[in-house]
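Here is a short briefing on one protein model with its ligand. Keep the sequence and the 3D view open as you read.

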Amino acid sequence: MRDLHLSDMEERTVQAGKAEGALPDREVNGLLEGLAAGRDLSNEAWQFLIAGEYDRKLLYAKADEVRRKHYGRDVYIRGLLEISSYCKNDCLYCGIRRSNHKAQRYRLSEEEIVSCCEKGYSLGFRTFVLQGGEDAYFTTKRVAQIVSAIKGKYPDCAVTLSLGEREKKTYEAWYKAGADRYLLRHETASEAHYAKIHPPELSYRHRMQCMEDLKQIGYQTGCGFMVGSPFQSTQDLIADMEFLREFQPHMVGIGPFIPHCETPFGEYAKGSLTQTLTMAALTRLVLPKTLIPSTTALSTIHPEGRQLGLQAGANVVMPNLSPARVRGQYSLYDHKRCTGDEAAEGLETLKCRVKDAGYEVVIDRGDSRLKPDNDVKYCRKKV
Ligand code: 5AD
């Protein structure tokens with residue numbers, strides 16, 4: 001095999017792209033291999049890979065190869081509980097923002113949450129994800145109590161929280177109560193872009209601080225971003241990729257932006273399927289061991305989005321385990337899917353679809369293969 005310096009190759013690749021509009025597959029593969037081997041790419045090479053003026057099947061195949069190397073054909077499932085549609089924030093893209101007075105608001109009780117876990121456990125779920133808006137009702141104590149209750153009943157399961165920006169002390173308390181993982185999408189790794197899609201009271205720096213805190217406490221930490229959100233440029237997506245490499249998250253959620261009609265971004269175009277798959281596949285190469293869900297947003301914009309996501313490097317699916325009465329009310333964007341194989345009861349169909357795509361749903365906690373970052377400082381309560 002030729003041992004090319006990536007910089008030489010990038011140079012020629014980019015020039016060839018400019019000159020002919022198409023590139024030899026071997027050059028593209030060289031770039032992709034370099035990326036998977038942990039090498040840095042120039043800004044031009046990133047632009048080229050993101051713009052996708054090449055056969056994207058090469059990218060998806062490489063991502064799939066890397067994913068199979070670390071996780072085989074396994075697909076991990078998470079039971080998603082949307083515990084509150086109240087949110088004190090006013091993110092410009094989000095359907096449950098506080099200014100949306102038409103949003104239907106609900107919150108689940110501890111009993112409802114635990115009984116959903118009971119149902120989920122019998123279906124084969126070994127991870128429960130408690131996600132919600134930033135709702136003051138879910139105090140430090142209340143959530144800690146719920147986490148302890150779930151872990152007490154199902155010590156073989158992982159609990160993931162996704163409840164937004166909170167104080168470090170709160171994150172610590174939840175970790176001590178037994179929470180294993182935390183999802184907090186960074187949304188965009190460009191400070192200027194962050195400011196364009198969030199209200200002034202939310203800051204990029206605070207979000208980054210929260211993510212640092214989570215990782216330091218010892219959570220398996222997830223970040224993530226939307227593809228095609230208003231004002232997003234290729235440079236912003238490059239910033240996302242560079243951030244991922246630096247932050248080394250355990251999980252990365254990537255989905256297309258989808259407009260919600262009752263938000264200021266209601267008239268903007270949605271993100272594309274291809275661009276989302278491209279970013280997921282590139283993420284798999286940058287972070288070979290990370291857990292990447294094939295998101296609900298992806299299956300909302302395309303009937304086969306979920307399978308296509310898996311074939312582009314994703315290895316997690318998160319069917320909805322919330323009680324039927326609230327399913328339609330957690331409306332982050334228009335037409336969000338919550339039935340069929342998006343629903344926990346549709347697990348058998350989902351298993352077949354996953355099999356057809358070349359993978360297999362497994363009953364497993366599906367922990368990250370990266371070690372947690374903390375030391376023994378935050379001792380867990382024994383459950
Ligand atoms: N389109 C796509 N994803 C969205 N989210 C919120 N609103 C939208 C939207 N309109 C995503 C954000 C958030 C996660 C819970 O849902 O990335 O972090």
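Gly-152 counts as exposed because its relative accessibility is 51%, and the cut-off for exposed is over 50%. This glycine is found in helix H6, which covers residues 140-153. Gly-178 lies 26 residues away from Gly-152 in sequence, yet their C-alpha atoms are 9.1 Å apart in space. Keep in mind that this is a predicted model.

**A buried threonine**

- Is Thr-263 buried or exposed? Thr-263 has a relative accessible area of 10%, so it is buried; the cut-off for buried is under 20%.
- Thr-263 is found in the loop between strand S7 and helix H11 (273-286).
- The side chain of Thr-263 has a polar atom 2.7 Å from the backbone oxygen of His-260.
- Leaving aside residues up to four places away in sequence, Thr-263 touches Leu-92, Tyr-93, Cys-94, Gly-95 and Arg-97.

**The ligand site**

- Which residues are around the ligand? They are Tyr-93, Cys-94, Arg-185, Glu-187, Met-226, Pro-256, Phe-257, Ile-258, Leu-332 and Tyr-333.
- Tyr-93 and Cys-94 are among the residues around the ligand, and Thr-263 touches both of them.
- Arg-185 has a polar side-chain atom 2.9 Å from an oxygen atom of the ligand.
- Glu-187 has an N or O atom in its side chain 2.5 Å from an oxygen atom of the ligand.
- Ile-258 uses its backbone: a polar atom there is 2.7 Å from a nitrogen atom of the ligand.
- Taken alone, the ligand exposes 400 Å², and the protein buries 88% of that.

**The six-stranded sheet**

- Strands of a sheet pair through backbone hydrogen bonds, either parallel or antiparallel.
- Which order do the six strands follow? They form an open sheet in the order S2-S3-S4-S5-S6-S7, with parallel pairing.
- Strand S2 (79-84) and strand S7 (251-256) are the edge strands, and each pairs on one side only.
- On average, neighbouring strands of this sheet are turned by 20 degrees against each other, direction ignored.
- Helix H10 (residues 234-247) packs on the sheet and touches strand S6 (220-227) and S7. The direction of H10 makes about 175 degrees with that of S6.
- S2 is mostly covered, with six of its six residues buried.
- S2 and S3 run parallel and are joined by five bridges. Ser-84 has Gly-132 in S3 as its bridge partner.
- Strand S3 (residues 127-132) also runs parallel to strand S4 (residues 158-162), and five bridges join them. Here Val-129 stands opposite Thr-160 in S4.

**The three-stranded sheet**

- What is the strand order in the open sheet of three strands? The order is S8-S1-S9, and the pairing is parallel.
- Strand S8 (316-317) and strand S9 (360-362) stand at the edges. Each has a single partner strand, so one side of each is left without a neighbour in the sheet.
- Strand S1 (residues 74-77) runs parallel to S9, and three bridges join them.
- Asp-74 has Glu-360 in S9 as its bridge partner.

Conventions. Residues numbered from 1 in each chain as written. Predicted model: local features only at pLDDT ≥ 70, side-chain atom pairs only at ≥ 80, totals over all residues. Heavy atoms only, no water. Pairing = 2+ DSSP bridges. Helix = DSSP H or I, 4+ residues; strand = E, 2+ residues; numbered from the N terminus. Axes fitted to C-alpha atoms, helices over the stretch in contact; angles between N-to-C directions. Contact = heavy atoms within 4.5 Å. Near = heavy atom within 4 Å. Polar contact = N/O pair within 3.5 Å; in protein donor to acceptor, adjacent residues only side chain to side chain. Areas by Shrake-Rupley, 256 points an atom, 1.4 Å probe, with all protein chains shown as cover. Buried < 20%, exposed > 50% of the residue type's maximum accessible area, 1.4 Å probe, protein only.
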